[in-house]
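These are my notes from a first look through a structure that is new to me. I put down each thing I looked up, in the order in which I came to it.

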Amino acid sequence: VAHLAERGPANVRPKDICDELGLSKALVNYHFDGRDGLLAEAMASGIESYVNELWEAAQQAGPDPRQRLLAWVDRQIDVTRDKPGLAAALAFPFLASGVSATEMGGALVRLQEAAARNRANLAQLVAEARGSSGARAQQGKGSAEVVEALVTWLSLGASVWHASDLEHLRQPT
């Protein structure tokens, strides 16, 4: 995941990872069925870690629901700065990685499950920040979904804007 986070999917090379770890490249082929399998696994592990980081940041922000939501947004933007390659892969997994849904295999299910968990976490944070609970949350479900979508797009937009000057992630080295 470290190579993906630092360099972006276009620059992940199994040979570099194997050389760094003192392992044979044949192990990558055996365990991951080649570079695409290794990249898919790194992306799945990366998004699971990312979702956990966002939720942990929200939980550590204390009891104020608005501060928890802001902490979630802040951490999402920080991930873009701290792990630009991972942010690119997570925002546009198939485009950035070049790995198809078929090649993702079981990692695709993990990506989808983590993304669903992240959306549920965000929905909870938005509902809490708006003071919604129980019946009120159900009555205002449509507006809560709009707010959730806005928060998602605004934080993604801020992340993409921040990452826009990271030219080294677009071109293989």
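Is glutamate 48 buried, partly exposed or exposed? I looked up its relative accessibility, which is 24%, so glutamate 48 counts as partly exposed. I keep in mind throughout that this is a predicted model.

**Entry: the pair around glutamate 48.** I found that the side chain of glutamate 48 meets that of arginine 110 in a salt bridge, with 2.7 Å from N to O. This pair links distant parts of the chain, since glutamate 48 lies in helix 4 and arginine 110 in helix 9, 62 residues apart. Arginine 110 has a relative accessibility of 23% and therefore counts as partly exposed.

**Entry: the chain as a whole.** I then stepped back and noted that the protein chain has 11 helices and 0 strands. Of its 173 residues, 38% count as buried. The chain exposes about 9700 Å², and carbon and sulfur atoms supply 58% of that area. I also looked at contacts with a separation of 6 or more, and 69% of them are accounted for by residues 24 or more positions apart.

**Entry: helix 4 against helix 5.** Where do the axes of these two helices come within 7 Å, and at what angle do they cross? I noted helix 4 as residues 35-60 and helix 5 as residues 65-82, with axes that come within 7 Å and cross at roughly 140°. The crossing of helix 4 and helix 5 is right-handed. On the side of helix 4, the residues that meet helix 5 include Tyr50, Glu53, Leu54 and Trp55, while those of helix 5 include Arg68, Ala71, Trp72 and Arg75.

**Entry: asparagine 118.** I moved on to helix 9, residues 106-129, where asparagine 118 is found. Its relative accessibility is 12%, which is why asparagine 118 counts as buried. Which residues is asparagine 118 in contact with, once its neighbours within four places in sequence are left aside? I listed Tyr50, Val51, Leu54 and Trp72.

Entry: Lysine 83, at 22% relative accessibility, counts as partly exposed, whereas glutamate 53 is buried because its relative accessible area is 18%, and the cut-off for buried is under 20%. Salt bridges that share partners join Glu53, Arg75, Asp78, Asp82 and Lys83 into one network. I also noted the salt bridge between aspartate 36 and arginine 35, whose closest N and O atoms are 3.7 Å apart. Aspartate 36 counts as partly exposed at 26% relative accessibility, and arginine 35 also counts as partly exposed, at 26%.

**Entry: a patch on the surface.** Last, I looked at Leu21, Leu23 and Leu27, which form a nonpolar patch on the surface with about 280 Å² of accessible area together. Leucine 23 has its place in the loop between helix 2 (14-21) and helix 3 (25-32). At 45% relative accessibility, leucine 23 counts as partly exposed.

Technical notes
Residues are numbered from 1 along each chain as its sequence is written. This is a predicted model: local features need pLDDT of at least 70, side-chain atom pairs count only at pLDDT 80 or more; totals for chains, interfaces and linings use all residues. Side-chain values use heavy atoms; hydrogens and water are left out. Patches are made of residues with over 30% relative accessible area and no salt bridge: like charges are joined within 9 Å, nonpolar side chains (Val, Leu, Ile, Met, Phe, Trp, Tyr) within 5 Å. Accessible areas come from the Shrake-Rupley method with a 1.4 Å probe; for residues, only the protein chains shown count as cover. A salt bridge is a side-chain nitrogen of Lys or Arg within 4 Å of a carboxyl oxygen of Asp or Glu. Helices (H or I, at least four residues) and strands (E, at least two) are DSSP runs, numbered from the N terminus. Buried means under 20% relative accessible area, exposed over 50%, partly exposed in between (1.4 Å probe, protein chains only). Axes are lines fitted to C-alpha atoms, for helices over the stretch in contact, and angles run from 0 to 180 degrees between N-to-C directions. A crossing is left-handed if the near helix is turned anticlockwise from the far one by less than a right angle, and right-handed if clockwise. Contact means heavy atoms within 4.5 Å.
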